[in-house]
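Please open the structure in a viewer and keep the sequence at hand.

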Amino acid sequence: MNRFDKKSGRFRVLKGLLPVAVFCVVIGIFLSGVRSVSGTAAEQEADGLRRAVIRSAVLCYALEGFYPDTLAYLEDNYGITYDEDKYVVSYEVIGSNLMPDVMVIPLEEEGMP
């Protein structure tokens, strides 16, 4: 009888589950990182759109002497384009000689919290 050949079934099961548990933890950390990076990219994209609208409004004021009344004016004459399924752009005019209030609101996509 060899004492060293016997292995407890309990330790064999735990030894088999350890790689699976480590793999699940690594995948969880990876997915968390991907979600964080994509969230940061979406924020930067919205901020870039806001700055582009403001820059176009200032250019219009410099060239034509007034801030445009609507966002459509900027779209038609200054080349502002954006994905309307992804963002809502609030463009509120205070006066023809005052800087408009621009706010970009990202829309939630399906499956996103």
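The stops below concern aromatic ring pairs and salt bridges in a predicted model.

**Aromatic rings**

A pair of aromatic rings is described by the distance of the centres and the angle of the planes. In this model, the count comes to 3 aromatic pairs.

Select tyrosine 61 and tyrosine 67 to begin. The ring centres of tyrosine 61 and tyrosine 67 are 4.5 Å apart and the planes meet at 15°, so this pair is stacked, planes under 30 degrees apart being counted in that way. How accessible are the two partners, tyrosine 61 and tyrosine 67? Tyrosine 61 has a relative accessibility of 33% and counts as partly exposed, whereas tyrosine 67 is buried, with a relative accessible area of 9%.

Next, select tyrosine 73 and tyrosine 78. The centres of the rings of tyrosine 73 and tyrosine 78 lie 6.4 Å apart, with the planes at 45°, so the pair is classed as tilted. Tyrosine 73 is partly exposed at a relative accessible area of 26%, while tyrosine 78, at 19% relative accessibility, counts as buried because the limit for that class is under 20%.

Ring pairs link Phe66, Tyr73 and Tyr78 into a cluster.

**Salt bridges**

Side chains of opposite charge can pair when their charged atoms come close. How many salt bridges does a search of the whole structure find? The search finds 2 salt bridges.

Select glutamate 45 and lysine 86 for one of them. Glutamate 45 and lysine 86 form a salt bridge in which the closest N and O atoms are 3.3 Å apart.

Finally, select aspartate 47 and arginine 51. The side chains of aspartate 47 and arginine 51 meet in a salt bridge, at 3.2 Å from N to O. Aspartate 47 and arginine 51 are 4 residues apart in helix α1, so about one helical turn separates them. Aspartate 47 has a relative accessible area of 36% and is partly exposed. Arginine 51, at 45% relative accessibility, likewise counts as partly exposed.

Key. Residues numbered from 1 in each chain as written. Predicted model: local features only at pLDDT ≥ 70, side-chain atom pairs only at ≥ 80, totals over all residues. Heavy atoms only, no water. Phe/Tyr/Trp six-rings, centres within 6.5 Å; stacked < 30°, edge-to-face > 60°. Buried < 20%, exposed > 50% of the residue type's maximum accessible area, 1.4 Å probe, protein only. Salt bridge = Lys/Arg side-chain N within 4 Å of Asp/Glu carboxyl O. Helix = DSSP H or I, 4+ residues; strand = E, 2+ residues; numbered from the N terminus.
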